[in-house]
Amino acid sequence: MRRAVFRRHGSPQDVLEIVEEDDPLPGPGQVRVRNHVMTINPADLLSIEGRYGTEPISLPATPGVGACGLVDAVGEDVKRLKPGDRVLPVGGGLWADIVILPERMAPPAPAGADPEQAAMMRANPGTAYLLLTGMADLAPGDWVVQNAANSNVGRMVIRFAREMGFHTANIVRRHEVAAVLRGDGADAVIVDDGNTDVTEAVTQAAGATPRIAFDAVGGEATAALSGAVAPHGTVVVYGLLSGQDSVVGARDLVFRDVSVRGFWLADWYRRASPEDMGRLHAFLERKLLDGVIHSPVEARYDLGRIREAVAHAGRGGRNGKIILTGGLHA
Ligand SMILES: NC(=O)c1ccc[n+]([C@@H]2O[C@H](COP(=O)([O-])OP(=O)(O)OC[C@H]3O[C@@H](n4cnc5c(N)ncnc54)[C@H](OP(=O)(O)O)[C@@H]3O)[C@@H](O)[C@H]2O)c1
């Protein structure tokens, strides 16, 4: 089997390597999963760079938190799963042809779902759902504003918001993505060329000031969104695509009482009740099967081409996600 490994932090295309190992055997209560599909998200790249999470990662490490694969062997005392079952491995270290997992860390993939779409279902659509439902008491007709709106998360925010009856004002940095976002249900698309007055553009586009903003960019973009929400509004920072710490103006913090808070899915999972998780997963499975969750894929790379894959994933201007494929398709 092959596994992607990094032994030091740095640029993903420089520090990742593939190591070959004997196929491991599952122990008691464990299953062996052959990964067909592994996801690459900005968080994976930041982790390899050493810029993600609260605790240092112990090295060497294998990245990867999203995958879809087939169980091909089970250990003693495995009750629910059998060889041939399609599962969505949970946890880290998934950029490998084969992973060994406790049975409970291998929930079944939704029956009939496309393996790539299923592998991508949790992280980004899950984040979009929780941003819309957990950060403010939004009512139908309310506006939300977001940046990096053509990201996978951003497009899910647009689609879910439309279904929930919320309006979205969507900030992007390229004109050519506007039509796609309107097709998703975006009410307004604002192209920020770096000199755009975001507050003015949002007010013009929405005819109202949103109470909540979702910020995936950080740096000065947080200040722009803080100015674009209503007094007492909230900016939720959930990404750091600019690589910069968020900046917020005193005028917005002090005189307009704007709140800036964060959201991290990993932390949500740590604190969520089984009922909350069940509700989230039921929603995601429903939306996957009815096609509302559908993420375009720009390219697929065999795991052996990991350096090309991460270089592609790190480039701006993509029209979809980059997927890793395992070499051992069943
Ligand atoms: N907090 C959480 O729990 C959580 C969970 C999931 C995702 N996220 C975050 O959500 C964000 C989007 O992730 P994704 O997987 O949906 O992204 P994605 O589909 O891979 O797309 C990346 C997006 O980022 C934009 N972008 C990149 N650098 C930028 C910059 N400096 N300024 C403005 N826009 C920039 C790209 O715009 P172009 O198309 O113009 O290049 C594109 O829209 C990431 O920050 C990710 O870490 C957070």
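**Ligand shell.** I started with the ligand and got 26 residues around it, the closest being Ser 151, Asn 152, Gly 239, Leu 265 and Gly 316. A residue counts as near when its C-beta atom, placed from the backbone, lies within 6 Å of the molecule. This is a predicted model, so I kept in mind that local features need pLDDT of at least 70 and side-chain atom pairs pLDDT 80 or more, while totals for chains, interfaces and linings use all residues. Residues are numbered from 1 along each chain as its sequence is written.

By class, the shell splits into 12 nonpolar, 10 polar and four charged residues.

The largest share, three residues, is from α4. Helices (H or I, at least four residues) and strands (E, at least two) are DSSP runs, numbered from the N terminus.

**Domains.** Contact across the pair involves seven residues of domain 1 and six of domain 2, with contact meaning C-beta atoms, placed from the backbone, within 7 Å. On the domain 1 side I noted three nonpolar, three polar and one charged.

**Sheet.** Next I traced an open six-stranded sheet, parallel in its pairing, ordered β9-β8-β7-β10-β11-β12. Strands pair if DSSP finds at least two bridges between them. Neighbouring strands are turned by 20 degrees on average, direction ignored. Helix α8 (220-228) packs on this sheet and touches β7, β10, β11 and β12; its direction makes about 170 degrees with that of β10. Axes here are lines fitted to C-alpha atoms, for helices over the stretch in contact, and angles run from 0 to 180 degrees between N-to-C directions.

I also checked β8 (167-172), which runs parallel to β9 and is joined to β9 by four bridges. Ile 171 stands opposite Ile 190 in β9.

**Helix pair.** Back at α4, I looked at its packing with α11 (274-289): the angle is about 115 degrees and the axes are 10 Å apart. Pro 125, Gly 126 and Tyr 129 of α4 meet Leu 280, Phe 283, Leu 284 and Lys 287 of α11. I logged that contact as five nonpolar, one polar and one charged.

Definitions and conventions
Ala, Val, Leu, Ile, Met, Phe, Trp, Tyr, Cys and Pro count as nonpolar, Asp, Glu, Lys and Arg as charged, and the others, Gly among them, as polar. Two residues are in contact if their C-beta atoms, placed from the backbone, lie within 7 Å.
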